[in-house]
Amino acid sequence: MKPVSVVIPVFDARELLEQNLPALLSELEGRALGDEVIVVDDGGERGLAAWLEAAFPPPATFDRARADVRVLRRRKNAGPARAALDGAAAAVHDRVLLLAPDVRVRPGFLAPLEAALEDPTVAAASPRFADGEAEPSGGAARLVWRGGVLAVEPGESDGGHGGTVEASYATIAALLARRDELLAAEFDARFTPTGFEDVDVCWAWKRAGRRVVVATDSIVEGGRGDGLGLPADVREAARARNLLLLTWKHLDDPARRREHVEALEAHALDALLNGRRSELVTLALALS
Amino acid sequence: MLPVSHATEPRTESAATEIAPHARAFAERARKLEALPLAELAARVAEGLAGLRVTFGLEPSAADPFAALLAALPRTELARRLAESEAEVSAARAALVESERTAADVERRSESLKAALRERSADLAVAIARADAAAKAPAPIERVEIDPEPAGDSSFTRAVVQAREQHAADAAATAQLDREALFARLDNEVHALEASRRQVRELLDELEARVPPPAVDRGRAQVEVDALLGDLAERETTIESMRRDLTWRAREMDAMHAELQSTRYRLLARAIVDRAERWVKPGRAEERP
């Protein structure tokens, strides 16, 4: 196994770090590989570094087993995707684990991810997500083509049988990738503020012949908040808009393009005639 | 509805207490679009979709949802709603006609009842008057007078006398029959009046026993008349009320219909004006589809 750089972009999320960082540090300490944790302060309130030092004090003497925790501060808030890339750029190890601050890792979560990445065809690997302390109930969400548009559907259970299963995408909430590939792919700024930027990168990898997988024995909890403080309706609008942007970036087949545009026109007409303003807002946001 | 649901996507609330700065611009843009009039919002979408068609290399002819909307109007939701509303209006009008017919029927029956009541009242008054008259004045007895025998030709005189006697006898017999018939009729009349008076007397006695004296004076007939008149007045009030209600419903239906038509034309007009504005706006002529 090789050491890993864990990058955690945060925006005013001390409570989440307080809750979830100990489990990560414990896991890394058990590995004793000299992993590092980079907390990227995405322009939040000042004092995060001092607070981290107080809350998770470094050892008095050098301890190779301890993970190095450091803070990288962005002066201007740019969102978790941008902050994650800044953290990856500052990482010292070849393998980078992007982790959302609301994710709590379970013991042994990292080894299956690393094992998956040993396969040179695999560009990224994600764990399975559990709701609290329960076991993961379903598989990773997948994107399907339905009625001329992309739709997100729950995946079928991928079980804990070991190994990996092919995934529609790996989520930015917990994603292990190679540092150079991550930096080369970047996250598209047009997906700001949130939603599907990780899918966009994964699909670019896939189009280049790489694979994206879920390591079925790797389990984490949480990972369901965006940390942006967006009202629910605005967040939903952002995700809906970004799903359209994702479609437009990756839709090559002429027949599907026609089907898609005609479906959107039909939806627009239907929304107009039935006064469903929010759907027109979503379309306008995407089309502007 | 756009199939962009995220049943498996993040649902928990953010830990942040305020919108991150980089997300504010998006939130504000969404709010501004949300505040736009529906037609303007739709115009922007139409324009964007037209651009998307061009980007995807599709023919632009049918790119404008407004053009499609205008072309498809008779077959789309609006037309369906209009047809539904018109059907509702027709049904309401039919109900109105039916209600008015029912009201007229009730009115006709009420008039008939009133006439029957008046007739019955008159009959009763006549019967009472005749009974009173019959009781006070006994029927006159018919008298038959025979001329004395004249002097002169005895045979002729006898013949004349016999003829007169026969005539007198016939007249007397006829008079007797008439008298007997008259008496018989009178007897019947008197019996009927006596029966009627007995009934009235019994009713009065009964009423005297059941109600206070002032009401008893009016008699049962008058009480019946009053009750029927009260019933009629109540029915007339009900009919008036129904008529007012039906008139109001008819006006309401007409107003709904007018509003629906107005909305339809406003939508069409807005669409056309928006298109026209975009076409004539300086510097944007190249955007004309």
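Contact means heavy atoms within 4.5 Å, and helices (H or I, at least four residues) and strands (E, at least two) are DSSP runs numbered from the N terminus. The model is predicted: local features need pLDDT of at least 70, side-chain atom pairs count only at pLDDT 80 or more, and totals for chains, interfaces and linings use all residues. Residues are numbered from 1 along each chain as its sequence is written, and side-chain values use heavy atoms, with hydrogens and water left out.

**View 1. Buried residues of helix H3 of chain A.**

**View 2. Packing of helices H7 and H9 of chain A.** H7 (residues 232-250) and H9 (residues 277-287) pack at an angle of about 50°, their axes lying 9 Å apart. From H7(A), the contact residues include A:Leu244, A:Leu245 and A:Trp248; from H9(A), they include A:Leu283, A:Leu285 and A:Leu287.

**View 3. The aromatic pair of A:Trp51 and A:Phe56.** The ring centres are 6.3 Å apart and the planes stand at 85°, so the pair is edge-to-face (centres within 6.5 Å, planes over 60 degrees apart; Trp by its six-membered ring). A:Trp51 is buried, at 16% relative accessibility, and A:Phe56 is buried at 16%.

Key
Chains are lettered from A and ligands numbered from 1 in the order in which they are written. Buried means under 20% relative accessible area, exposed over 50%, partly exposed in between (1.4 Å probe, protein chains only). Axes are lines fitted to C-alpha atoms, for helices over the stretch in contact, and angles run from 0 to 180 degrees between N-to-C directions. Rings of Phe, Tyr and Trp (its six-membered ring) pair if their centres lie within 6.5 Å; planes under 30 degrees apart count as stacked, over 60 as edge-to-face and the rest as tilted.
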